[in-house]
Amino acid sequence: MRLSFAISLSPTKFSAISSDNWKKSLTLMKKLGFAGVELGIRDPLAVDSTDLQLTLRKNDLQLVAIGTGQAYVDEGLSLSDPNPGIRKKAVSRMKKQVDLAAQFKCYVIIGLIRGTLAGAAAERKRRINSLAGKMQELSAYAKRKKVKLLIEPLNRYETNIMNTAAETVAFIKRHKLDNCYLLLDTFHMNIEEKDLFKTVSLFGSRVGHIHIADSNRLYPGAGHLDFIKIMKAIKKTGYKGYLSGEYQPLPDAQTAMKKYINYMRGV
Ligand code: LER
Ligand code: MN
């Protein structure tokens with residue numbers, strides 16, 4: 001398993017990643033020995049992909065995945081918004097994310113961008129069906145571009161759509177999203193899963209990517225999660241992907257990053 005770290009390409013309200021200068025962060029990541037980076041990108045059209053490619057190459061870093069939640073947090077775009085105009089904008093933004101990911105052969109994450117549901121049961125049902133349709137469209141689009149999508153179960157305080165791995169896998173199966181894989185985040189799992197270790201072994205074969213954060217959404221070792229046991233469970237599944245640190249950049253972004261690599265090498 002290789003180590004990566006999630007950072008933002010531009011300033012964002014999303015508090016679980018650092019918005020420090022990304023080029024400086026990549027230089028530090030190379031120095032610390034990371035193999036990959038995960039980038040939170042609000043608008044892929046604002047990205048100079050040649051510059052990004054060169055900077056990644058210079059620092060021997062693989063772009064592992066694109067996080068897309070900033071379009072929701074900073075702009076209010078979501079795939080399940082009641083307003084069809086906003087849903088359409090969200091889909092087209094996600095297609096641009098896929099286009100960018102195709103250049104780097106990396107994953108695209110569907111996390112906060114799916115939005116959250118309000119209203120009566122019938123209205124929620126309509127919107128969940130509409131969301132499934134949008135995800136089928138995106139999944140097929142990404143498949144044509146040879147890009148895999150990741151759906152991340154998120155805790156109940158951030159969304160009410162797919163909080164657990166079981167719900168997410170059921171959604172993937174029900175709507176035949178054969179190009180979508182599971183992203184497990186230890187912070188969300190600690191809130192939502194009955195048995196985090198069992199979840200890892202049960203759904204391990206469907207996992208495409210992993211986010212690491214402690215129970216308090218700080219660097220591993222700052223909270224009460226048993227990462228030795230978690231790593232053992234992940235290893236048992238034969239997972240060969242990246243472990244991306246994704247948490248609040250505290251006490252400061254650089255220290256948070258250093259803490260990650262030191263701690264993870266220890267476990
Ligand atoms: C959100 O809480 C999160 O964990 C992100 O990775 C999802 O966009
Ligand atoms: Mn996450």
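Select Arg-217 and ligand 1. In this predicted model, a polar side-chain atom of Arg-217 lies 2.8 Å from an oxygen atom of ligand 1. The protein covers 96% of the 250 Å² of accessible area that ligand 1 has on its own.

Next, pick Glu-158. An N or O atom in the Glu-158 side chain is 2.5 Å from an oxygen atom of ligand 1.

Now show the cavities. Ligand 1 sits in the largest cavity.

Besides Glu-158, His-188 and Arg-217, display Phe-14, Gly-111, Leu-112, Glu-152, Leu-154, Asp-185, His-211 and Glu-246. Color them by class. The shell has three nonpolar, three polar and five charged residues.

Move to ligand 2, the manganese ion. Which residues coordinate the manganese ion? Select Glu-152 (OE), Asp-185 (OD), His-211 (ND1) and Glu-246 (OE); the distances run from 2.1 to 2.3 Å. Glu-152, Asp-185, His-211 and Glu-246 also belong to the residues around ligand 1.

For reference, ideal angles for six octahedral donors are 90 or 180 degrees.

Last stop: the sequence panel. Highlight the donor residues of the manganese ion. Their spacing reads E-x32-D-x25-H-x34-E.

Methods:
Residues are numbered from 1 along each chain as its sequence is written. Chains are lettered from A and ligands numbered from 1 in the order in which they are written. This is a predicted model: local features need pLDDT of at least 70, side-chain atom pairs count only at pLDDT 80 or more; totals for chains, interfaces and linings use all residues. Side-chain values use heavy atoms; hydrogens and water are left out. A residue is near a molecule or strand if one of its heavy atoms lies within 4 Å of it. A polar contact is a pair of N or O atoms within 3.5 Å; within protein, one must be able to donate a hydrogen and the other to accept it, and residues adjacent in sequence count only if both atoms are side-chain atoms. Accessible areas come from the Shrake-Rupley method with a 1.4 Å probe; for residues, only the protein chains shown count as cover. On a 1 Å grid over the protein atoms alone, a cavity is a set of points where a 1.4 Å probe fits but cannot get out, and a pocket is an open set with protein on both sides within 12 Å along at least five of seven lines; lining residues have an atom within 4 Å of a point. A molecule sits in a cavity or pocket if more than half of its atoms lie within 2 Å of its grid points. Ala, Val, Leu, Ile, Met, Phe, Trp, Tyr, Cys and Pro count as nonpolar, Asp, Glu, Lys and Arg as charged, and the others, Gly among them, as polar. Donors are N, O and S atoms within 2.8 Å of the metal (3.2 Å for Na, K and Ca); water is not among the atoms, so sites may look incomplete.
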